[in-house]
Amino acid sequence: MNRSRTGLQLRRLGIAAVGALVAVGVAAGPAAAHAGVTASDPRALAENVTLSFTSEAESDTAGISELRVVLPKGIAPDALTLKDAPKEWKLTATADGYTIGGPALATGTDAEYSVTVRQLPDEDSLAFKTLETYGDGKISRWIEVPTDGEKVDNPAPVLKLKAAAPGAKVIAPSPSPTPSTAAPSAQPSAQPSAPVASASARATSEEDAGGGGTAAVVGVIAAVLLLAAAGTVWWVRRNRGQA
């Protein structure tokens, strides 16, 4: 009788212990998910480095559809290009980083992609704050940056960097396009004004010359008429005197 009770109690304790372990496992499930980053060459000032990101799925009802990443200081949005991503996913630069996304992944599927960075900055570590958006609108924020070894609930992906290689230097940024100025366009429009002015001057001088020539002709005709009139008067008077 006592043995039966003891066995029953042990079985009950065993069931309770298993239940407690299951409960702990369920509670630890979401916390186990995280977002991480690795590099093909994790050294400061390394060039053409491939950064590989992984965002673990933590939703039981929807898949990841978009990731929003804030780039650390020293990496400009235009200094990286997409290398690999889930099918039909695209990368779009933002003011402080980029978004990458497309059709929602299957529920429970981790989002994995990689980008190529022109050059890593001269830092000890780089944090890539990430927001995961799921197909049902749920958002997971991996944006906390631990300091002094403290633990945080939602750590951002952090990449530890080694010292730069000997002789490594900062790559000069790409030159910005030189904007065109208004001065060159103004000069051609100003140049024709001189020929136009010259043509106008020539036209004016020609008109003046034409006017002077006409006046001379009129004066000659008037003189001839006066002489003819005087000759006529003299001829009439002479004929009268002879008569």
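Trainee: Which residues form one aromatic cluster?

Mentor: Good place to start! This is a predicted model, where local features need pLDDT of at least 70, side-chain atom pairs count only at pLDDT 80 or more, and totals for chains, interfaces and linings use all residues. Residues are numbered from 1 along each chain as its sequence is written, and side-chain values use heavy atoms, leaving out hydrogens and water. Rings of Phe, Tyr and Trp (its six-membered ring) pair if their centres lie within 6.5 Å, with planes under 30 degrees apart called stacked, over 60 edge-to-face and the rest tilted. The cluster consists of Phe53, Tyr98, Tyr113 and Phe128.

Trainee: How many residues apart in sequence are the parts that phenylalanine 53 and phenylalanine 128 tie together?

Mentor: The search of the whole structure gives 3 aromatic pairs. One of them joins phenylalanine 53 and phenylalanine 128 edge-to-face, at 5.2 Å centre to centre and 80° between the planes. Phenylalanine 53 sits in strand E2 and phenylalanine 128 in the loop between strands E8 and E9, so the parts tied together are separated by 75 residues. Strands here are DSSP runs (E, at least two residues), numbered from the N terminus.

Trainee: Is tyrosine 98 buried or exposed?

Mentor: Buried means under 20% relative accessible area, exposed over 50%, and partly exposed in between (1.4 Å probe, protein chains only). Tyrosine 98 has a relative accessible area of 1%, so tyrosine 98 is buried.

Trainee: Which residue of E6 stands opposite leucine 91?

Mentor: Two strands pair if DSSP finds at least two bridges between them. E5 and E6 pair antiparallel over 4 bridges, and leucine 91 faces isoleucine 100.
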